[in-house]
Amino acid sequence: MSDLRELYQQVILDHNWKPRNFRKLTSPTQRAEGYNPLCGDRVTVEVALEDEVIRDIGFQGSGCAISKASASMMTAALKGQTVSEAEKTFERFRAMLTGSESNGEGAARLDKLAVFAGVREFPSRIKCATLPWHTIHAALAGKTEPVTTE
Amino acid sequence: MKMSWDVERIRKDFPILHEEVHGKPLVYLDNAATSQKPHVVIETLVDYYSKQNSNVHRGLHQLSERATEAYEGARTRIQRFLNAAHSREILFVRGTTEGINLVAQTYGRRAVGARDEVVITALEHHSNIVPWQMLCEEKQGRLRVVPINDAGEVDLEAYEALLGERTRLVAIAHVSNALGTILPVQRMIEAAHRRDIPVLVDGAQAVPHLRVDVQALDCDFYTFSGHKTYGPTGIGVLYGKTALLEQMPPFHGGGDMIKSVSFEKTVYNDLPYKFEAGTPHVAGAVGLGAALGYMEELGLERIAAYEHELLAYATARLSSLPGVRLIGTAREKAAVLSFVVEGVHAHDVGTILDLEGIAVRAGHHCAMPVMTRFDIAATTRASLALYNTREEIDLLARGLGKVREVFH
(Lines give C-alpha, C1' and ligand atoms only; values in the text may rest on other atoms or scores of the structure.)
Protein backbone atom coordinates (compact mmCIF):
# COMPACT_ATOMS: atom_id res chain seq x y z
CA MET A 1 0.00 0.00 0.00
CA SER A 2 2.98 2.33 0.51
CA ASP A 3 3.74 2.73 -3.23
CA LEU A 4 0.09 3.34 -3.76
CA ARG A 5 -0.09 6.17 -1.21
CA GLU A 6 3.09 7.61 -2.68
CA LEU A 7 1.28 7.99 -6.00
CA TYR A 8 -2.23 8.76 -4.83
CA GLN A 9 -1.46 11.30 -2.12
CA GLN A 10 -4.45 12.74 -0.32
CA VAL A 11 -4.01 16.14 -1.92
CA ILE A 12 -4.07 14.53 -5.39
CA LEU A 13 -7.24 12.63 -4.55
CA ASP A 14 -8.75 15.82 -3.20
CA HIS A 15 -8.04 17.77 -6.39
CA ASN A 16 -9.39 14.84 -8.40
CA TRP A 17 -12.67 15.03 -6.50
CA LYS A 18 -12.93 18.80 -6.40
CA PRO A 19 -10.87 20.19 -9.22
CA ARG A 20 -10.09 23.91 -8.91
CA ASN A 21 -10.68 26.24 -11.83
CA PHE A 22 -12.60 23.52 -13.66
CA ARG A 23 -14.50 25.94 -15.87
CA LYS A 24 -14.67 27.78 -19.14
CA LEU A 25 -13.35 31.36 -19.11
CA THR A 26 -15.63 34.12 -20.38
CA SER A 27 -12.90 35.87 -22.36
CA PRO A 28 -9.72 33.84 -22.68
CA THR A 29 -6.81 35.32 -24.59
CA GLN A 30 -5.15 31.95 -25.13
CA ARG A 31 -6.48 28.45 -25.43
CA ALA A 32 -5.02 25.04 -26.24
CA GLU A 33 -6.13 21.44 -26.29
CA GLY A 34 -4.14 18.46 -25.11
CA TYR A 35 -4.75 14.82 -25.92
CA ASN A 36 -3.12 11.59 -24.85
CA PRO A 37 -3.97 9.08 -27.58
CA LEU A 38 -2.82 6.17 -25.43
CA CYS A 39 -5.45 6.57 -22.75
CA GLY A 40 -7.83 9.10 -24.28
CA ASP A 41 -7.22 11.82 -21.68
CA ARG A 42 -8.32 15.18 -23.01
CA VAL A 43 -7.76 18.60 -21.51
CA THR A 44 -8.50 22.12 -22.68
CA VAL A 45 -6.65 24.92 -20.92
CA GLU A 46 -7.74 28.55 -21.20
CA VAL A 47 -5.82 31.57 -20.01
CA ALA A 48 -6.64 35.27 -19.71
CA LEU A 49 -3.37 37.17 -20.04
CA GLU A 50 -2.99 40.80 -19.08
CA ASP A 51 0.39 42.46 -19.48
CA GLU A 52 2.09 39.06 -19.56
CA VAL A 53 0.45 38.08 -16.29
CA ILE A 54 -1.93 35.11 -15.96
CA ARG A 55 -4.98 36.90 -14.53
CA ASP A 56 -7.30 33.94 -14.94
CA ILE A 57 -6.94 30.32 -15.90
CA GLY A 58 -9.33 27.40 -16.26
CA PHE A 59 -9.43 23.89 -17.63
CA GLN A 60 -11.94 21.34 -18.86
CA GLY A 61 -11.78 17.79 -20.04
CA SER A 62 -11.73 14.24 -18.86
CA GLY A 63 -8.99 12.02 -17.64
CA CYS A 64 -7.52 9.94 -14.85
CA ALA A 65 -7.01 11.19 -11.30
CA ILE A 66 -3.39 12.07 -11.97
CA SER A 67 -4.12 14.21 -15.03
CA LYS A 68 -7.12 15.90 -13.46
CA ALA A 69 -5.32 16.68 -10.20
CA SER A 70 -2.29 17.86 -12.13
CA ALA A 71 -4.42 20.23 -14.20
CA SER A 72 -6.23 21.48 -11.11
CA MET A 73 -3.06 22.12 -9.12
CA MET A 74 -1.39 23.65 -12.14
CA THR A 75 -4.13 26.25 -12.51
CA ALA A 76 -3.98 27.03 -8.79
CA ALA A 77 -0.19 27.40 -8.92
CA LEU A 78 0.02 29.52 -12.05
CA LYS A 79 -2.72 32.06 -11.38
CA GLY A 80 -0.99 35.40 -10.89
CA GLN A 81 2.33 34.26 -12.34
CA THR A 82 3.93 35.98 -15.32
CA VAL A 83 4.38 34.00 -18.52
CA SER A 84 8.10 33.58 -17.89
CA GLU A 85 7.51 32.45 -14.29
CA ALA A 86 4.96 29.94 -15.53
CA GLU A 87 7.43 28.59 -18.08
CA LYS A 88 10.03 28.18 -15.34
CA THR A 89 7.54 26.30 -13.16
CA PHE A 90 6.73 24.06 -16.14
CA GLU A 91 10.42 23.30 -16.63
CA ARG A 92 10.88 22.46 -12.95
CA PHE A 93 7.79 20.29 -12.90
CA ARG A 94 8.91 18.40 -15.98
CA ALA A 95 12.40 17.99 -14.59
CA MET A 96 11.01 16.58 -11.35
CA LEU A 97 9.06 13.92 -13.25
CA THR A 98 11.46 13.02 -15.99
CA GLY A 99 14.54 13.15 -13.81
CA SER A 100 16.63 15.52 -15.88
CA GLU A 101 17.25 17.46 -12.68
CA SER A 102 19.27 15.79 -9.94
CA ASN A 103 16.76 16.55 -7.13
CA GLY A 104 16.04 18.77 -4.17
CA GLU A 105 16.10 22.42 -5.02
CA GLY A 106 13.82 22.42 -8.06
CA ALA A 107 11.26 20.23 -6.34
CA ALA A 108 11.41 22.38 -3.21
CA ARG A 109 10.59 25.45 -5.27
CA LEU A 110 7.61 23.65 -6.73
CA ASP A 111 5.93 23.90 -3.35
CA LYS A 112 2.61 22.01 -3.37
CA LEU A 113 3.29 20.62 -6.84
CA ALA A 114 6.01 18.45 -5.29
CA VAL A 115 3.27 15.90 -4.40
CA PHE A 116 3.62 14.67 -7.97
CA ALA A 117 7.19 13.52 -7.35
CA GLY A 118 5.84 10.01 -6.66
CA VAL A 119 4.57 9.75 -10.24
CA ARG A 120 8.19 9.44 -11.31
CA GLU A 121 8.19 5.83 -10.11
CA PHE A 122 5.34 5.05 -12.51
CA PRO A 123 6.74 5.57 -16.02
CA SER A 124 3.42 4.76 -17.67
CA ARG A 125 1.75 7.58 -15.75
CA ILE A 126 4.22 10.44 -16.21
CA LYS A 127 2.42 11.66 -19.33
CA CYS A 128 -0.82 11.86 -17.36
CA ALA A 129 0.77 14.42 -15.06
CA THR A 130 2.57 16.39 -17.75
CA LEU A 131 -0.30 16.61 -20.28
CA PRO A 132 -1.92 19.73 -18.77
CA TRP A 133 1.48 21.39 -18.56
CA HIS A 134 2.33 20.71 -22.18
CA THR A 135 -1.07 22.09 -23.02
CA ILE A 136 -0.63 25.38 -21.18
CA HIS A 137 2.86 25.66 -22.63
CA ALA A 138 1.25 25.49 -26.08
CA ALA A 139 -1.46 27.95 -25.05
CA LEU A 140 1.08 30.49 -23.83
CA ALA A 141 3.11 30.04 -27.00
CA GLY A 142 -0.04 30.77 -28.99
CA LYS A 143 -0.06 27.39 -30.72
CA THR A 144 -3.36 26.30 -32.21
CA GLU A 145 -2.51 22.68 -33.08
CA PRO A 146 -3.75 20.25 -30.41
CA VAL A 147 -0.92 18.95 -28.23
CA THR A 148 -0.45 15.22 -28.01
CA THR A 149 1.78 13.30 -25.67
CA GLU A 150 2.97 11.00 -28.46
CA MET B 1 -15.91 -31.12 -16.69
CA LYS B 2 -14.54 -29.25 -13.68
CA MET B 3 -12.97 -32.39 -12.29
CA SER B 4 -11.05 -33.28 -15.40
CA TRP B 5 -9.58 -29.79 -15.84
CA ASP B 6 -6.44 -29.71 -13.73
CA VAL B 7 -5.62 -26.03 -13.96
CA GLU B 8 -2.71 -26.27 -11.53
CA ARG B 9 -1.02 -28.81 -13.74
CA ILE B 10 -1.70 -26.68 -16.82
CA ARG B 11 -0.18 -23.64 -15.10
CA LYS B 12 3.07 -25.56 -14.76
CA ASP B 13 3.27 -25.59 -18.56
CA PHE B 14 3.65 -21.77 -18.59
CA PRO B 15 6.93 -20.62 -17.05
CA ILE B 16 6.02 -16.92 -16.98
CA LEU B 17 3.05 -17.58 -14.69
CA HIS B 18 5.55 -18.15 -11.90
CA GLU B 19 7.02 -14.65 -12.19
CA GLU B 20 6.52 -12.06 -9.48
CA VAL B 21 5.39 -8.49 -10.11
CA HIS B 22 5.95 -5.79 -7.49
CA GLY B 23 6.84 -8.62 -5.10
CA LYS B 24 3.52 -10.40 -5.68
CA PRO B 25 2.66 -13.48 -7.74
CA LEU B 26 1.67 -12.49 -11.26
CA VAL B 27 -2.06 -12.61 -12.00
CA TYR B 28 -2.15 -12.35 -15.76
CA LEU B 29 -5.53 -11.17 -17.01
CA ASP B 30 -4.46 -9.43 -20.22
CA ASN B 31 -4.84 -12.39 -22.53
CA ALA B 32 -6.83 -10.56 -25.17
CA ALA B 33 -3.73 -8.40 -25.70
CA THR B 34 -1.44 -11.40 -25.86
CA SER B 35 -1.40 -14.83 -24.29
CA GLN B 36 1.50 -16.46 -22.48
CA LYS B 37 3.46 -19.32 -24.04
CA PRO B 38 3.68 -22.91 -22.86
CA HIS B 39 7.03 -24.74 -22.59
CA VAL B 40 6.25 -26.75 -25.68
CA VAL B 41 6.13 -23.58 -27.82
CA ILE B 42 9.30 -22.12 -26.30
CA GLU B 43 11.07 -25.46 -26.71
CA THR B 44 9.88 -25.78 -30.29
CA LEU B 45 11.50 -22.43 -31.09
CA VAL B 46 14.75 -23.44 -29.39
CA ASP B 47 14.68 -26.79 -31.13
CA TYR B 48 14.00 -25.23 -34.51
CA TYR B 49 16.94 -22.83 -34.21
CA SER B 50 19.14 -25.54 -32.69
CA LYS B 51 18.47 -28.33 -35.15
CA GLN B 52 16.51 -27.26 -38.20
CA ASN B 53 17.20 -23.63 -39.05
CA SER B 54 17.68 -22.98 -42.74
CA ASN B 55 15.87 -21.19 -45.52
CA VAL B 56 12.82 -22.88 -46.93
CA HIS B 57 11.84 -24.03 -50.43
CA ARG B 58 15.25 -23.53 -51.99
CA GLY B 59 18.13 -25.48 -50.49
CA LEU B 60 19.09 -28.86 -51.75
CA HIS B 61 20.81 -29.58 -48.49
CA GLN B 62 19.52 -31.55 -45.57
CA LEU B 63 18.81 -28.62 -43.25
CA SER B 64 16.75 -26.82 -45.84
CA GLU B 65 14.67 -29.94 -46.24
CA ARG B 66 14.17 -30.13 -42.50
CA ALA B 67 13.14 -26.48 -42.28
CA THR B 68 10.79 -26.82 -45.25
CA GLU B 69 9.24 -29.91 -43.77
CA ALA B 70 8.72 -28.18 -40.42
CA TYR B 71 7.24 -25.09 -42.09
CA GLU B 72 4.90 -27.01 -44.39
CA GLY B 73 4.06 -29.36 -41.53
CA ALA B 74 2.86 -26.35 -39.55
CA ARG B 75 0.71 -25.27 -42.49
CA THR B 76 -0.93 -28.68 -42.68
CA ARG B 77 -1.51 -28.67 -38.93
CA ILE B 78 -3.23 -25.28 -39.16
CA GLN B 79 -5.28 -26.47 -42.14
CA ARG B 80 -6.60 -29.32 -40.01
CA PHE B 81 -7.08 -27.05 -36.99
CA LEU B 82 -9.34 -24.74 -39.03
CA ASN B 83 -10.75 -27.61 -41.09
CA ALA B 84 -9.77 -25.88 -44.32
CA ALA B 85 -10.22 -27.91 -47.50
CA HIS B 86 -6.62 -27.46 -48.71
CA SER B 87 -3.31 -26.48 -47.18
CA ARG B 88 -2.79 -24.01 -50.05
CA GLU B 89 -5.62 -21.96 -48.52
CA ILE B 90 -3.49 -21.31 -45.42
CA LEU B 91 -1.29 -18.25 -45.89
CA PHE B 92 1.28 -17.24 -43.30
CA VAL B 93 1.18 -13.56 -42.43
CA ARG B 94 2.53 -11.47 -39.53
CA GLY B 95 -0.79 -11.40 -37.74
CA THR B 96 -4.45 -10.51 -38.06
CA THR B 97 -3.65 -6.92 -39.00
CA GLU B 98 -1.58 -8.04 -41.96
CA GLY B 99 -4.19 -10.62 -42.92
CA ILE B 100 -6.88 -7.93 -43.16
CA ASN B 101 -4.61 -5.51 -44.97
CA LEU B 102 -3.69 -8.23 -47.44
CA VAL B 103 -7.33 -8.77 -48.35
CA ALA B 104 -8.05 -5.02 -48.48
CA GLN B 105 -5.09 -4.32 -50.74
CA THR B 106 -5.54 -7.26 -53.12
CA TYR B 107 -9.13 -8.45 -53.21
CA GLY B 108 -10.46 -5.12 -51.98
CA ARG B 109 -8.67 -2.94 -54.51
CA ARG B 110 -10.07 -5.01 -57.36
CA ALA B 111 -13.57 -5.42 -56.01
CA VAL B 112 -14.32 -1.98 -54.59
CA GLY B 113 -14.88 0.98 -56.88
CA ALA B 114 -16.50 4.38 -56.58
CA ARG B 115 -19.74 4.30 -54.52
CA ASP B 116 -19.19 0.63 -53.66
CA GLU B 117 -19.58 -0.37 -50.04
CA VAL B 118 -17.76 -2.38 -47.41
CA VAL B 119 -19.84 -3.41 -44.39
CA ILE B 120 -18.30 -3.73 -40.91
CA THR B 121 -19.82 -3.63 -37.42
CA ALA B 122 -19.59 -1.08 -34.61
CA LEU B 123 -17.64 -3.64 -32.56
CA GLU B 124 -14.56 -3.82 -34.73
CA HIS B 125 -10.98 -3.43 -33.58
CA HIS B 126 -9.16 -0.58 -35.34
CA SER B 127 -7.40 -3.17 -37.50
CA ASN B 128 -10.74 -4.14 -39.05
CA ILE B 129 -11.76 -0.51 -39.56
CA VAL B 130 -8.74 1.42 -40.79
CA PRO B 131 -7.71 -0.86 -43.73
CA TRP B 132 -11.26 -0.54 -45.12
CA GLN B 133 -11.32 3.21 -44.52
CA MET B 134 -8.05 3.51 -46.42
CA LEU B 135 -9.46 1.41 -49.25
CA CYS B 136 -12.72 3.38 -49.37
CA GLU B 137 -10.83 6.65 -49.38
CA GLU B 138 -8.66 5.53 -52.27
CA LYS B 139 -11.55 4.15 -54.32
CA GLN B 140 -14.21 6.69 -53.29
CA GLY B 141 -16.11 3.81 -51.75
CA ARG B 142 -18.20 3.88 -48.62
CA LEU B 143 -17.79 2.22 -45.27
CA ARG B 144 -21.10 1.10 -43.72
CA VAL B 145 -21.30 0.26 -40.04
CA VAL B 146 -23.80 -2.15 -38.45
CA PRO B 147 -24.97 -0.74 -35.10
CA ILE B 148 -24.91 -2.62 -31.79
CA ASN B 149 -27.35 -2.58 -28.88
CA ASP B 150 -26.68 -1.64 -25.25
CA ALA B 151 -25.60 -5.20 -24.43
CA GLY B 152 -22.98 -5.03 -27.17
CA GLU B 153 -24.80 -7.30 -29.64
CA VAL B 154 -24.96 -6.72 -33.37
CA ASP B 155 -28.32 -5.55 -34.72
CA LEU B 156 -28.99 -8.30 -37.27
CA GLU B 157 -31.96 -6.56 -38.87
CA ALA B 158 -29.90 -3.46 -39.45
CA TYR B 159 -27.13 -5.66 -40.83
CA GLU B 160 -29.37 -7.30 -43.39
CA ALA B 161 -30.77 -3.92 -44.35
CA LEU B 162 -27.26 -2.63 -44.99
CA LEU B 163 -26.44 -5.44 -47.43
CA GLY B 164 -27.26 -4.08 -50.86
CA GLU B 165 -26.46 -3.77 -54.51
CA ARG B 166 -23.25 -1.92 -53.80
CA THR B 167 -21.91 -4.12 -51.00
CA ARG B 168 -18.67 -5.68 -52.17
CA LEU B 169 -17.44 -7.20 -48.94
CA VAL B 170 -18.46 -7.81 -45.32
CA ALA B 171 -15.66 -7.73 -42.71
CA ILE B 172 -16.62 -8.73 -39.17
CA ALA B 173 -15.07 -9.81 -35.92
CA HIS B 174 -15.84 -13.31 -34.69
CA VAL B 175 -15.39 -12.18 -31.06
CA SER B 176 -15.17 -8.54 -29.95
CA ASN B 177 -11.85 -7.72 -28.26
CA ALA B 178 -13.32 -4.86 -26.24
CA LEU B 179 -16.57 -6.49 -25.04
CA GLY B 180 -16.19 -10.21 -25.58
CA THR B 181 -19.38 -10.51 -27.66
CA ILE B 182 -19.46 -13.61 -29.87
CA LEU B 183 -20.97 -12.46 -33.15
CA PRO B 184 -23.49 -14.70 -34.94
CA VAL B 185 -21.03 -15.02 -37.82
CA GLN B 186 -22.70 -18.09 -39.31
CA ARG B 187 -25.99 -16.23 -39.80
CA MET B 188 -24.19 -13.12 -40.99
CA ILE B 189 -22.23 -15.11 -43.57
CA GLU B 190 -25.40 -16.83 -44.82
CA ALA B 191 -27.14 -13.49 -45.20
CA ALA B 192 -24.20 -12.05 -47.16
CA HIS B 193 -23.92 -15.14 -49.35
CA ARG B 194 -27.59 -14.90 -50.30
CA ARG B 195 -26.48 -11.75 -52.09
CA ASP B 196 -23.17 -13.22 -53.30
CA ILE B 197 -21.17 -10.98 -51.00
CA PRO B 198 -17.94 -12.48 -49.66
CA VAL B 199 -17.19 -12.28 -45.94
CA LEU B 200 -13.93 -11.83 -44.06
CA VAL B 201 -13.91 -12.88 -40.42
CA ASP B 202 -11.40 -11.37 -37.97
CA GLY B 203 -10.79 -14.31 -35.68
CA ALA B 204 -8.06 -12.82 -33.50
CA GLN B 205 -10.17 -13.16 -30.33
CA ALA B 206 -12.02 -16.32 -31.35
CA VAL B 207 -9.33 -18.89 -32.16
CA PRO B 208 -7.96 -18.94 -28.59
CA HIS B 209 -11.41 -19.72 -27.21
CA LEU B 210 -13.69 -21.45 -29.74
CA ARG B 211 -13.42 -24.24 -32.24
CA VAL B 212 -13.37 -22.67 -35.68
CA ASP B 213 -14.39 -24.66 -38.74
CA VAL B 214 -13.98 -22.50 -41.83
CA GLN B 215 -15.87 -24.94 -44.07
CA ALA B 216 -18.83 -25.11 -41.72
CA LEU B 217 -18.83 -21.32 -41.43
CA ASP B 218 -18.36 -21.06 -45.19
CA CYS B 219 -16.48 -17.80 -44.65
CA ASP B 220 -14.42 -16.56 -47.58
CA PHE B 221 -11.52 -15.28 -45.50
CA TYR B 222 -10.60 -15.97 -41.89
CA THR B 223 -7.59 -14.47 -40.14
CA PHE B 224 -5.98 -14.73 -36.70
CA SER B 225 -2.76 -14.01 -34.79
CA GLY B 226 -0.42 -16.61 -33.37
CA HIS B 227 0.54 -14.65 -30.26
CA LYS B 228 -3.01 -14.49 -28.90
CA THR B 229 -3.34 -18.22 -29.21
CA TYR B 230 -0.32 -19.31 -27.12
CA GLY B 231 2.07 -19.02 -30.07
CA PRO B 232 4.90 -16.64 -30.96
CA THR B 233 4.52 -12.98 -31.95
CA GLY B 234 5.03 -11.98 -35.57
CA ILE B 235 3.14 -14.91 -37.10
CA GLY B 236 -0.49 -15.25 -38.06
CA VAL B 237 -2.72 -16.93 -40.58
CA LEU B 238 -4.99 -15.82 -43.38
CA TYR B 239 -7.31 -18.49 -44.67
CA GLY B 240 -8.92 -17.82 -48.04
CA LYS B 241 -11.00 -19.94 -50.39
CA THR B 242 -8.92 -21.18 -53.31
CA ALA B 243 -11.16 -19.63 -55.97
CA LEU B 244 -10.80 -16.17 -54.42
CA LEU B 245 -7.08 -16.43 -53.68
CA GLU B 246 -6.43 -17.50 -57.26
CA GLN B 247 -8.17 -14.43 -58.68
CA MET B 248 -6.35 -12.06 -56.35
CA PRO B 249 -3.17 -10.25 -57.33
CA PRO B 250 -0.13 -10.76 -55.06
CA PHE B 251 0.25 -8.55 -52.00
CA HIS B 252 4.04 -8.18 -51.84
CA GLY B 253 6.51 -8.83 -54.62
CA GLY B 254 9.81 -10.58 -54.06
CA GLY B 255 11.45 -13.95 -53.75
CA ASP B 256 9.50 -17.16 -53.25
CA MET B 257 6.30 -15.73 -54.74
CA ILE B 258 7.46 -16.20 -58.33
CA LYS B 259 7.90 -19.02 -60.81
CA SER B 260 10.10 -17.08 -63.18
CA VAL B 261 11.33 -13.53 -63.46
CA SER B 262 12.65 -11.60 -66.43
CA PHE B 263 12.68 -7.85 -66.91
CA GLU B 264 9.83 -8.27 -69.34
CA LYS B 265 7.57 -10.55 -67.37
CA THR B 266 7.23 -12.30 -64.04
CA VAL B 267 5.15 -15.41 -63.59
CA TYR B 268 3.72 -15.67 -60.10
CA ASN B 269 3.97 -18.80 -58.03
CA ASP B 270 1.03 -21.04 -57.14
CA LEU B 271 -0.91 -20.82 -53.89
CA PRO B 272 -0.04 -20.31 -51.14
CA TYR B 273 3.42 -19.07 -52.16
CA LYS B 274 2.06 -16.28 -54.36
CA PHE B 275 1.24 -14.48 -51.11
CA GLU B 276 4.41 -15.29 -49.20
CA ALA B 277 7.11 -13.04 -50.64
CA GLY B 278 10.50 -13.14 -48.96
CA THR B 279 11.82 -15.49 -46.32
CA PRO B 280 8.88 -16.25 -44.07
CA HIS B 281 8.87 -16.38 -40.26
CA VAL B 282 9.63 -20.10 -40.33
CA ALA B 283 10.31 -20.44 -36.60
CA GLY B 284 7.10 -18.54 -35.84
CA ALA B 285 5.04 -20.81 -38.09
CA VAL B 286 6.53 -23.91 -36.48
CA GLY B 287 5.94 -22.41 -33.02
CA LEU B 288 2.33 -21.62 -33.92
CA GLY B 289 1.85 -25.21 -35.05
CA ALA B 290 3.09 -26.34 -31.64
CA ALA B 291 0.75 -23.90 -29.86
CA LEU B 292 -2.30 -25.18 -31.72
CA GLY B 293 -1.14 -28.73 -31.07
CA TYR B 294 -1.00 -27.88 -27.36
CA MET B 295 -4.59 -26.60 -27.48
CA GLU B 296 -5.76 -29.69 -29.35
CA GLU B 297 -4.14 -31.92 -26.79
CA LEU B 298 -6.05 -30.17 -24.00
CA GLY B 299 -9.16 -30.34 -26.14
CA LEU B 300 -10.81 -27.31 -27.72
CA GLU B 301 -14.24 -28.14 -26.31
CA ARG B 302 -12.79 -28.60 -22.84
CA ILE B 303 -10.92 -25.28 -23.07
CA ALA B 304 -14.12 -23.53 -24.12
CA ALA B 305 -16.13 -25.18 -21.35
CA TYR B 306 -13.60 -24.29 -18.65
CA GLU B 307 -13.30 -20.69 -19.82
CA HIS B 308 -17.06 -20.38 -20.07
CA GLU B 309 -17.45 -21.47 -16.49
CA LEU B 310 -14.66 -19.14 -15.34
CA LEU B 311 -16.26 -16.24 -17.22
CA ALA B 312 -19.60 -16.94 -15.53
CA TYR B 313 -17.88 -16.99 -12.13
CA ALA B 314 -16.00 -13.75 -12.87
CA THR B 315 -19.13 -12.05 -14.21
CA ALA B 316 -21.07 -12.91 -11.05
CA ARG B 317 -18.14 -11.88 -8.85
CA LEU B 318 -17.56 -8.49 -10.49
CA SER B 319 -21.28 -7.74 -10.78
CA SER B 320 -21.61 -8.10 -7.03
CA LEU B 321 -18.97 -5.41 -6.36
CA PRO B 322 -20.35 -1.98 -5.49
CA GLY B 323 -19.59 0.68 -8.07
CA VAL B 324 -18.46 -1.78 -10.75
CA ARG B 325 -20.43 -1.80 -13.99
CA LEU B 326 -19.80 -4.35 -16.73
CA ILE B 327 -19.71 -2.99 -20.28
CA GLY B 328 -20.72 -5.65 -22.78
CA THR B 329 -23.34 -8.04 -21.47
CA ALA B 330 -24.15 -10.00 -24.61
CA ARG B 331 -25.80 -13.36 -24.15
CA GLU B 332 -23.02 -15.02 -26.15
CA LYS B 333 -19.65 -13.98 -24.77
CA ALA B 334 -16.10 -15.25 -24.58
CA ALA B 335 -13.34 -14.58 -22.08
CA VAL B 336 -13.60 -10.79 -21.76
CA LEU B 337 -14.79 -8.66 -18.82
CA SER B 338 -14.78 -4.99 -19.66
CA PHE B 339 -15.90 -2.72 -16.84
CA VAL B 340 -15.90 0.75 -15.38
CA VAL B 341 -15.50 1.63 -11.73
CA GLU B 342 -17.75 4.47 -10.73
CA GLY B 343 -15.82 7.70 -10.25
CA VAL B 344 -12.44 6.14 -11.06
CA HIS B 345 -10.66 6.35 -14.39
CA ALA B 346 -9.58 3.04 -15.96
CA HIS B 347 -5.91 4.03 -15.83
CA ASP B 348 -6.05 4.56 -12.10
CA VAL B 349 -7.72 1.16 -11.74
CA GLY B 350 -4.99 -0.38 -13.91
CA THR B 351 -2.16 1.14 -11.87
CA ILE B 352 -3.62 0.05 -8.54
CA LEU B 353 -4.21 -3.49 -9.82
CA ASP B 354 -0.67 -3.60 -11.22
CA LEU B 355 0.73 -2.87 -7.78
CA GLU B 356 -1.19 -5.96 -6.64
CA GLY B 357 0.53 -8.02 -9.33
CA ILE B 358 -2.61 -8.08 -11.49
CA ALA B 359 -2.12 -7.36 -15.19
CA VAL B 360 -5.20 -5.96 -16.96
CA ARG B 361 -5.63 -3.60 -19.87
CA ALA B 362 -7.00 -0.12 -19.33
CA GLY B 363 -7.95 2.16 -22.17
CA HIS B 364 -9.93 2.08 -25.39
CA HIS B 365 -8.61 -1.36 -26.48
CA CYS B 366 -8.01 -0.16 -30.04
CA ALA B 367 -11.78 0.11 -30.37
CA MET B 368 -12.45 3.82 -29.89
CA PRO B 369 -15.83 3.67 -31.68
CA VAL B 370 -16.97 1.09 -29.10
CA MET B 371 -16.05 3.49 -26.28
CA THR B 372 -17.94 6.28 -28.05
CA ARG B 373 -20.98 4.00 -28.43
CA PHE B 374 -21.10 3.48 -24.66
CA ASP B 375 -20.21 7.12 -23.98
CA ILE B 376 -17.13 6.29 -21.94
CA ALA B 377 -13.49 7.26 -22.41
CA ALA B 378 -12.02 3.94 -21.40
CA THR B 379 -12.69 0.66 -19.66
CA THR B 380 -10.63 -1.72 -17.59
CA ARG B 381 -10.51 -5.10 -19.27
CA ALA B 382 -9.75 -8.43 -17.64
CA SER B 383 -9.42 -11.13 -20.30
CA LEU B 384 -9.18 -14.81 -19.49
CA ALA B 385 -7.21 -17.75 -20.79
CA LEU B 386 -7.22 -21.48 -20.17
CA TYR B 387 -4.71 -21.14 -17.30
CA ASN B 388 -6.60 -18.58 -15.22
CA THR B 389 -8.25 -19.62 -11.96
CA ARG B 390 -11.11 -18.69 -9.68
CA GLU B 391 -8.53 -17.65 -7.09
CA GLU B 392 -7.20 -15.11 -9.58
CA ILE B 393 -10.70 -13.74 -10.08
CA ASP B 394 -10.97 -13.42 -6.29
CA LEU B 395 -7.66 -11.51 -6.26
CA LEU B 396 -9.03 -9.22 -8.97
CA ALA B 397 -12.12 -8.60 -6.85
CA ARG B 398 -9.92 -7.87 -3.84
CA GLY B 399 -7.78 -5.52 -5.95
CA LEU B 400 -10.94 -3.66 -6.96
CA GLY B 401 -11.71 -3.36 -3.27
CA LYS B 402 -8.36 -1.58 -2.88
CA VAL B 403 -9.34 0.77 -5.70
CA ARG B 404 -12.43 1.74 -3.73
CA GLU B 405 -10.38 2.12 -0.57
CA VAL B 406 -8.06 4.61 -2.27
CA PHE B 407 -10.79 6.59 -3.99
CA HIS B 408 -13.53 6.70 -1.39
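Apart from its neighbours within four places in sequence, Lys79(A) is in contact with Ile54(A) and Ile57(A). The model is a predicted one, and in it Lys79(A) sits in the loop that links helix 3 (65-78) to helix 4 (83-98) of chain A.

**Surroundings of Lys79(A)**
- Asp56(A) is 23 residues away from Lys79(A) along the chain, yet the C-alpha atoms of the two are separated by 6.1 Å.

**Chain B as a whole**
- Chain B contains 14 helices and 17 strands, and its C-alpha trace spans about 75 × 55 × 35 Å along the principal axes.
- The radius of gyration of chain B is 22 Å, which agrees with the value near 22 Å for a compact globule with 408 residues.
- Buried residues account for 51% of the 408 residues in chain B, and 70% of the contacts between residues at least 6 apart in sequence join residues at least 24 apart.

**Strand 17 of chain B**
- Five of the five residues of strand 17 (residues 379-383) are buried, so the strand is largely enclosed by the rest of the structure.
- Both faces of the strand are covered, with Thr379(B), Arg381(B) and Ser383(B) buried on one side and Thr380(B) and Ala382(B) buried on the other.
- Strand 14 (residues 336-341) runs antiparallel to strand 17 and is joined to it by four bridges, with Leu337(B) standing opposite Ala382(B).
- Strand 16 (residues 361-363) also runs antiparallel to strand 17, through three bridges, and here Ala362(B) stands opposite Thr380(B).

Definitions and conventions
Residues are numbered from 1 along each chain as its sequence is written. Chains are lettered from A and ligands numbered from 1 in the order in which they are written. This is a predicted model: local features need pLDDT of at least 70, side-chain atom pairs count only at pLDDT 80 or more; totals for chains, interfaces and linings use all residues. Helices (H or I, at least four residues) and strands (E, at least two) are DSSP runs, numbered from the N terminus. The radius of gyration is taken over C-alpha atoms; the globule rule is 2.2 Å times the number of residues to the power 0.38. A residue is buried if 20 or more other C-beta atoms lie within 10 Å of its own, exposed if 12 or fewer, and partly exposed in between; C-beta atoms are placed from the backbone. Two residues are in contact if their C-beta atoms, placed from the backbone, lie within 7 Å. Two strands pair if DSSP finds at least two bridges between them.
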